[in-house]
2 protein chains.
Amino acid sequence: MKKIKLSLASGDSVVYCGEGVFEEYSRKVADGRQIFIVTDSNVNKLYGNLVSTCFCDAEVKVIPAGERSKNPGKLLEILDRMMKSGMRRDSLLIAFGGGVVGDIAGLAASLYMRGAEIMQIPTTLLAQVDSSVGGKTAVDFKGVKNVIGTFYQPKTVVADPMFFKTLPKKEIRCGLGEVVKYGALDEYIYEKLLKNISRLYSVDFLGEIVYDCIRHKAAVVQSDERDVNGVRKTLNLGHTTGHAFELFYGGASHGDYVLIGMYYELLIAVKRGICGGQYAENLKKLILKVKGKIPVYEDIQKAAELAVYDKKNEKGLISLIVPCAEGKTEEIRLTLGEYIAELEEAVGELR
Amino acid sequence: MKKIKLSLASGDSVVYCGEGVFEEYSRKVADGRQIFIVTDSNVNKLYGNLVSTCFCDAEVKVIPAGERSKNPGKLLEILDRMMKSGMRRDSLLIAFGGGVVGDIAGLAASLYMRGAEIMQIPTTLLAQVDSSVGGKTAVDFKGVKNVIGTFYQPKTVVADPMFFKTLPKKEIRCGLGEVVKYGALDEYIYEKLLKNISRLYSVDFLGEIVYDCIRHKAAVVQSDERDVNGVRKTLNLGHTTGHAFELFYGGASHGDYVLIGMYYELLIAVKRGICGGQYAENLKKLILKVKGKIPVYEDIQKAAELAVYDKKNEKGLISLIVPCAEGKTEEIRLTLGEYIAELEEAVGELR
């Protein structure tokens, strides 16, 4: 078991990582308290029994699996059920599931009576390495991802690789999208990924890399909780373009779009002379190893236009975080016109 | 002009107080930025022209005046308009109006892209002395007041007494409810109120007392931003019973209910020997001077039951903050049964 502590302006957070932490720590935190659990229909099928054994008497709200549940209506349903079940500020909300469950339950916790305690129990690789740590909560609204949300730290995060055993390969690949992103941010993770490129899907390897990714993210969040000084923004690598494509084309997973976005943005960085050589080739290799073929998009202009909604943009410029060398990144700021031109060149190269 | 600075974990806040600060500071903060203003139908009738002169090109969202607008539907309308008008994180939201406008716009600011900058320009006495400072934001939901909300600091508060000139006497009385509450919390304000009891409605006096109240509140918020260590809870004096009556009976203003709640809770404190003598008599005199007659309620049991929803309650006990001596308060915790019995005795005394 490994433990990572975050001391933040808005409160402290403890992350427990490793096989067995679910059994040991989630019960300890929940012991003797009034519990309200948010989970989704897929996770409930697999772990409903485990949950009712571990947290008997808990109120459970099951939302339909999938990103579509991440909307204000579902958020209000959760808050309504919390009120009806008499949850107080000192009760405990548990987010048991993937990123959607974590994001919407995190937002519900931050809003309920101006802040109820939440424990995140992420069951997917994506949620463990990314969304469950760092306190970003959100729902989508009118087609814009994460446009309604807060910064609100979970008091406890329990990241147990036992849940990966029931995770479909597609979901592992989705999480690997973010893991590869960490590879572009952290030299240690980069080396580890290259060295283990043949066993990226092994549960043992994943259990190990989850800890490394959370450690990296915790350090980032520690120096820039509210995403204001540029440090946390680096986690957005691949996401500006990834989000825009995800919104416009849809169909693939978030992690797939992160990889696709990373690939396009890497081509832009190489073309501009920011990144290159063996390092750029290795990153491409890692991306392709996980994602397989990178789609050659038409309608790239319309897709690109959706990037202007990104929260990270300032003064109307579109911001891309691109890799430049091992563990190092740079920010490129482009007008929409420049961005479209760069993407069109990248498409040309992929054709 | 007086200036009060708050340095808080979630960010810094500056309050400008006094005649002329609207003209001087609100323009300065807004200069050259993209502006979105939330206001209500009453304020818009009176100051719509002023607003469009001061903040030309601003997008203005007018919500119907009154507490009923403080709901999740209106919140989403505001967020939707913010999106449609292309607001970014570095744009400026302005809450221009009373407590309802400040609370809902504050919540919208805290949620929009996980936090947009907000300037509070409170136009009522109630909003100036209470809701605009300290970062509590909220909407009501399913009949429960402020059950959905956040802690989110306005970067700037502009509290100008010029707005009191158009404020109906009823609204001044409403704000005086909170002012008298500060009298029970702060010896300096208490003395000032007693000394000026004949000119409580004078705009000059109000301009002065607003600063004293904000100064008191700022010190409280500074030592307990997130309402966790008991200091901020003192601001709840009169509110547990006031809120319950407001919910159950309705019809009068929030400030009236604070005064009614204070009076009932004062009777409880006196009966329990916590408060008494000339001090208790003076507080009663101040309350009656502003509120006039205190209503003798029937159905007190049903009204009291609504107090169990109060966020301040822990372990199922109802919490009352009551005055005990000049500038000093105490907390009483009661079961629902005890609370009902105490209220019934108070009603008996009022009959």
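## Largest cavity

The lining of the largest cavity in this predicted model comprises six nonpolar (Ala, Val, Leu, Ile, Met, Phe, Trp, Tyr, Cys, Pro), seven polar (the others, including Gly) and six charged (Asp, Glu, Lys, Arg) residues. This cavity (points on a 1 Å grid where a 1.4 Å probe fits but cannot get out; lining atoms within 4 Å of a point) holds about 240 Å³ of space. Among the 19 lining residues, those closest to its centre are Ser10(A), Phe151(A), Arg226(A), Phe151(B) and Arg226(B). Strand β8 (144-151) of chain A and β8 (144-151) of chain B (DSSP E runs of at least two residues) each contribute at least two lining residues.

Residues are numbered from 1 along each chain, and chains are lettered from A in the order written. Local features require pLDDT of at least 70 and side-chain atom pairs pLDDT 80 or more, while totals for linings use all residues; side-chain values use heavy atoms, without hydrogens or water.

## Helix packing in chain B

The axes of α6 (169-185) and α11 (277-291) of chain B come within 9 Å and cross at roughly 170°; the two helices are therefore roughly antiparallel (over 145 degrees). Arg173(B), Leu176(B), Val180(B), Gly183(B) and Ala184(B) of α6(B) meet Tyr279(B), Leu283(B), Leu286(B), Ile287(B) and Val290(B) of α11(B), with contact meaning heavy atoms within 4.5 Å. By class, eight nonpolar, one polar and one charged residues form this contact.

Conventions:
Axes are lines fitted to C-alpha atoms, for helices over the stretch in contact, and angles run from 0 to 180 degrees between N-to-C directions. Helices (H or I, at least four residues) and strands (E, at least two) are DSSP runs, numbered from the N terminus. Angles under 35 degrees count as roughly parallel, over 145 as roughly antiparallel, 65 to 115 as roughly perpendicular and the rest as oblique. On a 1 Å grid over the protein atoms alone, a cavity is a set of points where a 1.4 Å probe fits but cannot get out, and a pocket is an open set with protein on both sides within 12 Å along at least five of seven lines; lining residues have an atom within 4 Å of a point. Grid points are joined across faces, edges and corners, and a volume is the space filled by probe spheres set on the points.
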